[in-house]
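Dear colleague,

Please find the structure below, handed over for your records.

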Protein chains: 4
Amino acid sequence: MSGNTLGTLFTVTTAGESHGPALVAIVDGCPPGLALSSADLQFDLDRRKPGTSRHTTQRQEADEVEILSGVFEGVTTGCPIGLLIRNTDQKSKDYSAIKDVFRPAHADYTYHHKYGVRDYRGGGRSSARETAMRVAAGAIAKKYLAAQGIQIRGYMSQLGPIEIPFKSWDGVNDNAFFSADPDKIPELEAYMDQLRRDQDSVGAKITVVADGVPPGLGEPVFDRLDAELAYALMSINAVKGVEVGAGFASVAQRGTEHRDELTPEGFVSNHAGGVLGGISSGQPIVASLALKPTSSITTPGRSIDVNGEAIDMITKGRHDPCVGIRATPIAEAMMALVLIDHLLRQRAQNADVKVNTPVLGQL
Amino acid sequence: MSGNTLGTLFTVTTAGESHGPALVAIVDGCPPGLALSSADLQFDLDRRKPGTSRHTTQRQEADEVEILSGVFEGVTTGCPIGLLIRNTDQKSKDYSAIKDVFRPAHADYTYHHKYGVRDYRGGGRSSARETAMRVAAGAIAKKYLAAQGIQIRGYMSQLGPIEIPFKSWDGVNDNAFFSADPDKIPELEAYMDQLRRDQDSVGAKITVVADGVPPGLGEPVFDRLDAELAYALMSINAVKGVEVGAGFASVAQRGTEHRDELTPEGFVSNHAGGVLGGISSGQPIVASLALKPTSSITTPGRSIDVNGEAIDMITKGRHDPCVGIRATPIAEAMMALVLIDHLLRQRAQNADVKVNTPVLGQL
Amino acid sequence: MSGNTLGTLFTVTTAGESHGPALVAIVDGCPPGLALSSADLQFDLDRRKPGTSRHTTQRQEADEVEILSGVFEGVTTGCPIGLLIRNTDQKSKDYSAIKDVFRPAHADYTYHHKYGVRDYRGGGRSSARETAMRVAAGAIAKKYLAAQGIQIRGYMSQLGPIEIPFKSWDGVNDNAFFSADPDKIPELEAYMDQLRRDQDSVGAKITVVADGVPPGLGEPVFDRLDAELAYALMSINAVKGVEVGAGFASVAQRGTEHRDELTPEGFVSNHAGGVLGGISSGQPIVASLALKPTSSITTPGRSIDVNGEAIDMITKGRHDPCVGIRATPIAEAMMALVLIDHLLRQRAQNADVKVNTPVLGQL
Amino acid sequence: MSGNTLGTLFTVTTAGESHGPALVAIVDGCPPGLALSSADLQFDLDRRKPGTSRHTTQRQEADEVEILSGVFEGVTTGCPIGLLIRNTDQKSKDYSAIKDVFRPAHADYTYHHKYGVRDYRGGGRSSARETAMRVAAGAIAKKYLAAQGIQIRGYMSQLGPIEIPFKSWDGVNDNAFFSADPDKIPELEAYMDQLRRDQDSVGAKITVVADGVPPGLGEPVFDRLDAELAYALMSINAVKGVEVGAGFASVAQRGTEHRDELTPEGFVSNHAGGVLGGISSGQPIVASLALKPTSSITTPGRSIDVNGEAIDMITKGRHDPCVGIRATPIAEAMMALVLIDHLLRQRAQNADVKVNTPVLGQL
């Protein structure tokens, strides 16, 4: 495969550039009989959409999705689902100045060397605008999973230096940060306001949780559930690290501490993050991802042009000072896409498996 | 694909259980004309091999690999390379006691629910013994990459609470820990000796570096080089987290700090870990992985049996008190497999690309 | 993969139903730097288009394709190419009568059993309308291949009982049948006119030829060039057989007759059809395909409804009396897609291969 | 993928050359819980085995298969199944004479150009010896399918000019030709005896039938069941054509003749060969394949050497005068592998589909 398709049985193929005419996706492998309309996709698209608070880019995109196929009389047919989002607010003139130069920490330099030719308008294909289609496709997966009792939710667990502990899912969608602690919001707002004044950007950490996942999903030894989650989450723009469960904290843990003991009433802890040997255990799947600070900042930096000459670089245009702020729905979408794919794979091969052992939940 | 194949153009398919007759692999897509003998694979197999120091399991395995196909008169033919390692020291009797119970933090419970039937001897397919074939296959990739000027090396960067800063590649293979700082070794040995007395285990962090990688490897938007590295490294037994470059430290970084500026003389830093927009930049590729503490410890723990009844669990047998100690060659192998796959993919599609911009190295 | 993606490195994913809003495709893996505009796709789309002679369906479709992505300033960027064709002449009212019945020899019955739900309008996804996107994608492949000296052309070699020997490529696109013998056209027209009067349909045989293919394309032992051609051609609606070279005539041939001898001046014959051991030989690639008669005919036939009750079936609507008539550009497209995919695969793995043996052509 | 893996969910990866140490395969995706031993594979291996009648090559191979993994206590575990067959009767000295020359109609010339290096001993990887592993893997698929009520059987339907109509499955395995008409056997034997005296070879046609296949298998629009059958059957050595149902006879058929009418009692005919719109209909799946005459004949022919110089070529060694004679179990294996793969794919995506329409059989 050529890089723009995700999944084995539930596949998502996307195309489209930041400032081209449209984004497009084909979702193949969705089971038939799922009630689906574009409204089902719009909720998450709106959560990801730019321009909804002062803390994100001021680009305005309606992000209205049209379903081109695969849905008939309100339900999926089992045939591939075509999705289309027209770009409306491209402002390509903003970008002509960066045609022959490489913005530090952007993909300009690597696209140039890889392809020789490059759509420099707004990052072209390397722009996070591409993730709109991930969110749209993920919304289909989420809806199917919800009918199986699987719920996927995310929150921002750290903004720059500020850790944001999980308090409650209530209200997580009601603030610009996807903070699961409403009391933290003033601190986050103040931080962001200062950051803009500093003409700088900052990183963030997002945590995604899937509840209701049955045991058995994941295909060792390579296509482990955690390995495919790592792939899917790391494929999001700006992500530099992925953890499952205790993640890097495992390094300093002792076995007696890390191992999640089992009792007839349930697992007593979830350091594993719901995955053992690459297979879901029935506990909540918990993954976190680290997003780097936005590369587009107005503070000048050193760079070179296509001839290799030194230049001074200032990135203008409209940018998110923290790409992590809009990343929560994207991370949820990627987790949903991995889970539905593995749900289908599990059904294919292990349809006949029957065990008497009760499924444990989490204490 | 069914989970036991890795890669798109350079593919590795493995089979074999810890206590079955043999491990087997088929490596498909190796370019023809590469001088190759089983001795080329043995070096890394010996680095991964159990029983070479008092800090690893005392299981004795020769891990001698036989090349069954794909090599003729000493060079690869372009046809698939079959690899065979016979298991010799299985001691299956050690494991009959765990037939109907689930060891905490092991894959017993999840394999049981997924497949209904389970080879309980030494973890069966879920055993880290499986990684011997990754190392063998990775050694082929490494040899090919070396001929292209690409060198892959790893070291242990943390053992439990002890951070081990990189000092030099010299001697990294001469100590049981793959420590790149020889002065740290006494501290590591003392720590491990105490750990065994405590009947406990501990986690570790490994860092892998690829030097000489040309810019252009990686296939956005999904098959980004870092995404595929995350997948490959997370698929190693016991891994709970993967970072590229600054990784989770990016969360607290500012954009002015994180972005790697470019000068005609080279990149001034490498927070990106050699990957921008999912494509290699020509800088060293740097990835780290977190390994959890070994699950097999002799300190008793709570668990259940296949009927859901509470039991007290003690894991006997021969085990590594820190699986991270033998993980360095495995992590190198996985990075090598990802890089050769993307080298071939890049050739396929961008064979005609010519740019005049000089390739920057790292300052 | 879920069935709607073709190819390994040059992949085509399609979606869209006969009477839905649009057809859509994503072509991934096209090398960068290829000059491309929608006009390049329109030539073959127009060759396949319905309603251009009295011998095809009278449905009118402009089949105008919009390029949504992957092309910037007139050249491909290496990023996925999104293609969109809006359906304009759907006439869904024609089809409500067949909602609960199965047309003999159509996919109605099998889609019903497979998916449970079915877009019955004009065959939905099973309609040959879907092939418009194959032709559009194939035109991209053709253009790239042409720049490598590879030319793909097809002709109708049999219409019902009438064999149409190859005479010349001149004029093959100037008649409704893609006959490579202009003298046969009056006979073909008379046959078709009588067929319409008989309210019947008939099969056809198409032959496709690729000239200029270098030796070395094809990936044994499974992904042989001829195996992938067979797959691609058999995947076209209504195709029931595929041959390469002498095809079924090989059954009665002797080895002394079939084997294509080699001389320093070239191969003396081409019974192999340009493929030996699954790899192109440098001779022309020759494949033929058998298309069944159109299933939609107005002569009544026996069938059942969704309750299993017997009915009498008459298929109304606008249909091709011989689907083979429009199949030539589709078959060319499929051959082009297979060849470009294998050209890229060959480059990936065998970039370094150098042999001194001259490449033979055909005498 | 690199060409030596077949399938999407039930995958078979093979390696091994004609005169190398061994053939090896990894079968991944077999559902757990299937009783399996090497004896289950031996029946079909023996049917394919050389040297069992005077009409096949006199090479002696025990073709004893060892199961290396994936089976525990007599049942499959869901983990990949490793298979090993040691080569025992290689006689490599027979082949040194052909090291620098190309045998007409063999893969020598194309392997040479593709890979630059070539295992010339007995055709190396291009030898039909490779198909032993297809048969072994296919036997696993057959056993699983049999438990689902699906039976796959084949017969020789034509030997050179002699058509062999189907009479009965009884005795088809009791003659060297897999003739389903015992009365034809003397004629076939006489023909073969004369052929050997003529120092020539001849083609054959094989027909394979699957009974008991449920409706719904096949994944349009590309991975149609017939398309994947065409791929799998065309990938067998020496195959030049594949038909489903009426095949090439469809070309001259009228729609009124070809279409298989449906009645509440069943389909009235099976011109479709059990596949409509790329999906199984519940009727028997019927496919035929054309095998070319063996290329290795002792009658001299013109060829060239690696320097491009003209030579006279005589192929010595032990060869089948009609490769079609041993092809029946191979064709069955390939059909079995395609069907099990699509059975699993159908389960994955359409597990919830329920229709009330009765499944029709064949009248």
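A search of the whole structure, which is a predicted model, finds 110 salt bridges over all chains, a salt bridge being a side-chain nitrogen of Lys or Arg within 4 Å of a carboxyl oxygen of Asp or Glu. As this is a prediction, local features need pLDDT of at least 70 and side-chain atom pairs count only at pLDDT 80 or more, while totals for chains, interfaces and linings use all residues; side-chain values use heavy atoms, with hydrogens and water left out. Residues are numbered from 1 along each chain as its sequence is written, and chains are lettered from A and ligands numbered from 1 in the order in which they are written.

In chain C, C:Lys142 and C:Glu332 form a salt bridge, with the closest N and O atoms 2.6 Å apart. C:Lys142 belongs to helix H3 and C:Glu332 to helix H7 (residues 327-350) of chain C, so the pair ties together parts 190 residues apart in sequence. Helices (H or I, at least four residues) and strands (E, at least two) are DSSP runs, numbered from the N terminus. Both C:Lys142 and C:Glu332 are buried, where buried means under 20% relative accessible area, exposed over 50% and partly exposed in between (1.4 Å probe, protein chains only).

In chain A, A:Arg54 forms a salt bridge with A:Glu189 at 3.7 Å between the closest N and O atoms. A:Arg54 counts as partly exposed at 45% relative accessibility, and A:Glu189 is partly exposed with a relative accessible area of 26%.

Turning to the interface, chain B and chain D bury about 3500 Å² between them, 63% of it on carbon and sulfur atoms; buried area is the accessible area (1.4 Å probe) that two parts lose on being put together, summed over both. The contact (heavy atoms within 4.5 Å) takes 48 residues from chain B and 48 residues from chain D. Two salt bridges are found across this interface. B:Glu66 forms a salt bridge with D:Arg86, the closest N and O atoms being 2.9 Å apart.

Chain B also holds an open sheet of five strands in the order E1-E2-E3-E7-E4, with antiparallel pairing; two strands pair if DSSP finds at least two bridges between them. Strands E1 (5-6) and E4 (65-67) of chain B stand at the edges, each with a single partner strand, so one side of each is left without a neighbour in the sheet.

Yours sincerely
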